[in-house]
Amino acid sequence: MLVRESVSLGAQLLTDNKVTQVAVETAGFSVQTTLQMIHARRLVIATGGVSWPQTGSMGDGYRFAESLGHAVTPPRACLAAAGDSGKLGGLAGRHLGRQGADEGDGR
Ligand SMILES: Cc1cc2nc3c(=O)[nH]c(=O)nc-3n(C[C@H](O)[C@H](O)[C@H](O)COP(=O)(O)OP(=O)(O)OC[C@H]3O[C@@H](n4cnc5c(N)ncnc54)[C@H](O)[C@@H]3O)c2cc1C
């Protein structure tokens, strides 16, 4: 749907074209990619975060924003993978109490 709507509004989609650098220029911005240089009046950085680099989001957007003069708050982890090496398999279907929360200890 996003692709269809974007194209119907005249957007050009460029894939396999990694942005390596952005810069301010007189009439807007320049965007250097692995394939070409693009000049644009406006620039939206939508390169995602850093929580899962395998998805292609390596945190480049933070670097781009900083290079344009924005202050970037250092990212902190908010997602953590949980593994149990199969030890919790026997707990399937069991209910675990919310002990910490029930005791009102603030956790
Ligand atoms: C493990 C995990 C589970 C999640 N589960 C949920 C869930 O259940 N529900 C939910 O709502 N959200 C979930 N999220 C969060 C959700 O995935 C993100 O909030 C959302 O994808 C962010 O969208 P975005 O468009 O900002 O960035 P992204 O989806 O990360 O898109 C950024 C795009 O920019 C591209 N890009 C990055 N750098 C460059 C570059 N230099 N040049 C060109 N392209 C570049 C990337 O390849 C990517 O395609 C989860 C996230 C993770 C990591």
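The structure is a predicted model, in which local features need pLDDT of at least 70 and side-chain atom pairs count only at pLDDT 80 or more, while totals for chains, interfaces and linings use all residues. Residues are numbered from 1 along each chain as its sequence is written, and side-chain values use heavy atoms, with hydrogens and water left out.

The side chain of S57 places an N or O atom 2.7 Å from an oxygen atom of the ligand, whereas V19 contributes a polar backbone atom, 2.8 Å from a ligand nitrogen. V19, S57 and D60 are, with G48 and G56, the nearest of the 13 residues around the ligand, where a residue is near if one of its heavy atoms lies within 4 Å. The shell comprises 5 nonpolar, 6 polar and 2 charged residues; Ala, Val, Leu, Ile, Met, Phe, Trp, Tyr, Cys and Pro count as nonpolar, Asp, Glu, Lys and Arg as charged, and the others, Gly among them, as polar.

The sheet is open and has 3 strands in the order β1-β2-β3, with antiparallel pairing. Strands (E, at least two residues) and helices (H or I, at least four) are DSSP runs numbered from the N terminus, and two strands pair if DSSP finds at least two bridges between them. Because β1 (19–25) and β3 (37–40) are the edge strands, each with a single partner, one side of each has no neighbour in the sheet. From one strand to the next, the twist averages 20 degrees, with axes fitted to C-alpha atoms and angles running from 0 to 180 degrees between N-to-C directions.

β1 and β2 (residues 28–33) are joined by 6 bridges and by a hairpin of 2 residues. Along this pairing, E25 is partnered with G28, A23 stands opposite S30, and Q21 is partnered with Q32. Q32 also has M37 of β3 as a bridge partner, and V31 pairs with I38. In total, 4 bridges link β2 to β3, and 3 residues lie between these strands in their hairpin.

Confidence is expressed as pLDDT, from 0 to 100 for each residue. The chain averages 85, and 82% of the residues score at least 70. Confidence is highest in β2, at a mean of 98, and lowest in helix α3 (residues 99–102), at 50.

Note on methods:
Polar contact = N/O pair within 3.5 Å; in protein donor to acceptor, adjacent residues only side chain to side chain. pLDDT = per-residue confidence, 0-100.
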